[in-house]
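User: I have a chain open here and would like to go through it piece by piece. Can you take questions as they come?

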Amino acid sequence: MRLVRRILATFTLGPIVLWLMCIAFVLLLGFGFGCEIHEGFANPCVVLGQDVGETAYTAGVLAAWGPLIFGPVSLGAGLLWGIANALSRYLASRR
């Protein structure tokens with residue numbers, strides 16, 4: 001049961017952490033390196049001699065639409081995580 005709860009915790013918190021990392025990456029590229037990032041198309045973005053425009057575009061889309069993409073996964077896994085915790089506590093109290 002402990003493994004199931006850990007997996008559900010990962011599915012609950014993992015997408016949120018990934019979304020926050022995308023936001024931080026986009027803000028770093030936008031303000032730190034002066035890259036223009038939007039949802040229309042990938043712009044050239046040179047960081048340390050490498051063009052990361054496609055990566056910046058993907059991170060920008062995930063940062064903007066993250067709650068709609070990751071929200072259902074996090075909410076569903078969080079609900080299952082809560083049920084698993086309640087079931088685990090119930091079974092432990094019966095022993």
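Predicted model: local features only at pLDDT ≥ 70, side-chain atom pairs only at ≥ 80, totals over all residues.

User: How many helices and strands does the chain have, and in what order do the elements run?
Analyst: The chain has two helices and two strands. Starting at the N terminus, the order is α-β-β-α.

User: What is the radius of gyration of the chain?
Analyst: It is 19 Å, whereas a compact globule of 95 residues would be near 12 Å. The C-alpha trace spans about 60 × 25 × 15 Å along its principal axes.

User: And what share of the residues counts as buried?
Analyst: Of the 95 residues, 24% do. The chain exposes about 6800 Å², and carbon and sulfur atoms supply 70% of that area.

User: On to the helices. What is the reach of H1?
Analyst: Helix H1 has 31 residues and reaches 42 Å from its first C-alpha to its last. That is close to the 45 Å expected at 1.5 Å a residue.

User: Where does H1 bend?
Analyst: At leucine 13, by about 30 degrees. A proline, proline 15, follows within four residues.

User: Which residues of H1 are buried, and what do they pack against?
Analyst: The buried ones are Leu8, Ala9, Thr12, Pro15, Cys22, Val26 and Leu29. They pack against S1 and H2. After H1 comes glycine 34, with a positive phi near 70 degrees.

User: Now H2. How many residues, and where does it bend?
Analyst: H2 covers residues 53-94, which is 42 residues. From first C-alpha to last it reaches 57 Å, close to the 62 Å expected at 1.5 Å a residue. The bend is about 75 degrees at tryptophan 65. Here too a proline comes within four residues, namely proline 67.

User: Which residues are buried in H2?
Analyst: Gly53, Ala56, Ala59, Gly60, Ala63, Gly66, Phe70, Gly71, Ser74, Ala77, Ala84 and Ser88. These residues pack against helix H1 (2-32) and strand S2 (50-51).

User: Change of topic: how many disulfides are there?
Analyst: The count comes to one disulfide. Cysteine 35 is joined to cysteine 45, with an S to S distance of 1.9 Å. The link is right-handed, with 70 degrees about the S-S bond.

User: Where do those two cysteines sit?
Analyst: Cysteine 35 and cysteine 45 are both in the loop between H1 and strand S1 (46-47), 10 residues apart. Are they buried or exposed? Both are buried.

User: Why is cysteine 22 not in a disulfide?
Analyst: The nearest cysteine sulfur, that of cysteine 45, is 14 Å away. A disulfide needs the two sulfur atoms within 2.5 Å, so cysteine 22 is left out.

User: Is cysteine 22 buried or exposed?
Analyst: Cysteine 22 counts as buried because its relative accessible area is 9%, and the cut-off is under 20%.

User: What does phenylalanine 25 touch?
Analyst: Leaving aside residues up to four places away in sequence, phenylalanine 25 touches Thr55, Ala56 and Ala59. Phenylalanine 25 itself is in helix H1. Its relative accessible area is 29%, so phenylalanine 25 is partly exposed. Between phenylalanine 25 and arginine 6 there are 27 Å, C-alpha to C-alpha, at 19 residues apart in sequence.

User: And tyrosine 90, where is that?
Analyst: Tyrosine 90 lies in helix H2. With 46% relative accessibility, tyrosine 90 is partly exposed. Tyrosine 90 is 74 residues from isoleucine 16 in sequence and 29 Å from that residue in space, C-alpha to C-alpha.

User: Last one. What is phi of leucine 48?
Analyst: Near 55 degrees, a positive value in a residue other than glycine. Leucine 48 is placed in the loop between S1 and S2.

User: Why does leucine 48 count as exposed?
Analyst: Because its relative accessible area is 81%, and exposed means over 50%.

Definitions and conventions:
Residues numbered from 1 in each chain as written. Heavy atoms only, no water. Expected span 1.5 Å × (residues − 1). Bend = angle between axes of the 7 residues up to and from the residue. Buried < 20%, exposed > 50% of the residue type's maximum accessible area, 1.4 Å probe, protein only. Contact = heavy atoms within 4.5 Å. Rg over C-alpha atoms; globule rule 2.2 N^0.38 Å. Areas by Shrake-Rupley, 256 points an atom, 1.4 Å probe, with all protein chains shown as cover.
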